[in-house]
Amino acid sequence: MPFDHLLPGDHDAASYGIRIADDYDAIYDGLFDTEGAVARLAELAGDGPITELGVGTGRVAIPLSERGFEVHGIDGSAGMLELLAAKPGGDRIHLKCCDFADVRLAEDCSLVFLLVNTIYALANQEAQIHCFSNIASQLAPGGRFVVEAWVPDPPRAGEQRVRPRRLAAGLTGLVIEEHDPVAQTLATTQVVLADGAKVKTFPVVHRYAWPSELDLMARLAGLSLEHRWSDWQRRPFDTRSSDHVSVWRKE
Ligand SMILES: C[S@@+](CC[C@H](N)C(=O)[O-])C[C@H]1O[C@@H](n2cnc3c(N)ncnc32)[C@H](O)[C@@H]1O
């Protein structure tokens, strides 16, 4: 089938990177509050090594390591990790190419974090529960697990929705979404339009969870909610929040 590579992907740990690694930094340049994320994570880090699951091209991991932290980065995409390793300071990050779903962490990790909705890359509730319990069981006492994700706002079941998505300057983004409320998945086609008629599309499937469901997963894993903000500037999380930064702590 000629368009196989454009069909909605599965939740394979490598699939996102295969489709996007070479363009990731250019597409999302300047969109995230990287400075805010680095500042907050540095405050939450504690004394041990810290680990980013789905480290990508090192947007946050490299500046954290520049602040003196021992940073470990896990990613299922060899392409993403090659780009990270080639950046200045990339050689100081301890990298592992594997599925983060049941990763073995470095000893005594005091902070583990999952940014920009990457928790939703895990295929179903069971996999997400397992991720929480795997991390919690290895965190040092007092250690923290931080997740940044959007608050679900899905279209009606069975309908397709097209919405604009802000991308780096000079690019236009569209997202075509299809919602399965039973599986809590949003199967999306991400469309990137650039001047000169260049078009890139790639599928992303998210298994979303409400903050309350994530809290329950954390609780099952023995973690309790310490903070929930609507962004990295610690703005309060309320009914208008479209995103959340959640911090759970191991007793
Ligand atoms: C949206 S990107 C975020 C990259 C980086 N954390 C950032 O904030 O810029 C998600 C990353 O998670 C990786 N990823 C997705 N699912 C994964 C899995 N199950 N195991 C390991 N890595 C995964 C992808 O390869 C990609 O690099």
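Modeller: The term denotes a side-chain nitrogen of Lys or Arg within 4 Å of a carboxyl oxygen of Asp or Glu. This is a predicted model, in which local features need pLDDT of at least 70 and side-chain atom pairs count only at pLDDT 80 or more, while totals for chains, interfaces and linings use all residues. Residues are numbered from 1 along each chain as its sequence is written, and side-chain values use heavy atoms, with hydrogens and water left out.

Biologist: Where does Arg 40 lie, and by about how much are Arg 40 and Glu 43 separated in the helix?

Modeller: Helices (H or I, at least four residues) and strands (E, at least two) are DSSP runs, numbered from the N terminus. Arg 40 belongs to helix H3. Because Arg 40 and Glu 43 are 3 residues apart in H3, about one helical turn separates them. The two side chains also make a polar contact (3.0 Å). A polar contact is a pair of N or O atoms within 3.5 Å; within protein, one must be able to donate a hydrogen and the other to accept it, and residues adjacent in sequence count only if both atoms are side-chain atoms.

Biologist: Which residues is Arg 40 in contact with, leaving aside its neighbours within four places in sequence?

Modeller: Contact means heavy atoms within 4.5 Å. With those neighbours set aside, Arg 40 is in contact with Trp 229, Trp 232, Gln 233 and Arg 234.

Biologist: How many residues of helix H3 are buried?

Modeller: Of the 11 residues in H3 (residues 34-44), 8 are buried, so the helix is largely enclosed by the rest of the structure. They are Gly 36, Ala 37, Val 38, Ala 39, Arg 40, Leu 41, Ala 42 and Leu 44. What covers them includes helix H4 (61-66) and strands E4 (111-114), E5 (144-150), E10 (223-229) and E11 (243-250). Just after H3, Gly 46 takes a positive phi of about 75 degrees.

Biologist: How many salt bridges does the structure hold?

Modeller: The structure holds 13 salt bridges. One of them joins Glu 213 and Arg 207 (3.1 Å, N to O), and both of these residues are buried. Another links Arg 235 with Asp 231 (2.6 Å, N to O); Arg 235 is partly exposed, with a relative accessible area of 47%. Through shared partners, salt bridges join Arg 40, Glu 43 and Arg 234 into one network.

Biologist: Which domains does the domain assignment give?

Modeller: Domain bounds come from an automatic or database domain assignment. Here it gives domain 1 (4-10 + 153-206) and domain 2 (15-151 + 209-250). Their C-alpha centres lie 23 Å apart. The contact between them takes 19 residues from domain 1 and 17 residues from domain 2.

Biologist: What area do domain 1 and domain 2 bury between them?

Modeller: The size of an interface is often given as the accessible area lost when the parts come together. Buried area is the accessible area (1.4 Å probe) that two parts lose on being put together, summed over both. Domain 1 and domain 2 bury about 1500 Å² between them, 59% of it on carbon and sulfur atoms. On the side of domain 1, Lys 200, Phe 202 and His 206 lose the most area to domain 2, together 33% of what that side buries.

Biologist: How many salt bridges and polar contacts does the rule find across this interface?

Modeller: Across the interface of domain 1 and domain 2, the rule finds 1 salt bridge and 6 residue pairs in polar contact (both at pLDDT 80 or more). Strand E8 (185-194) and strand E9 (198-207) are the elements that give two or more residues to the side of domain 1 that touches domain 2. E9 gives the most, with 6 residues.

Notes. Buried means under 20% relative accessible area, exposed over 50%, partly exposed in between (1.4 Å probe, protein chains only).
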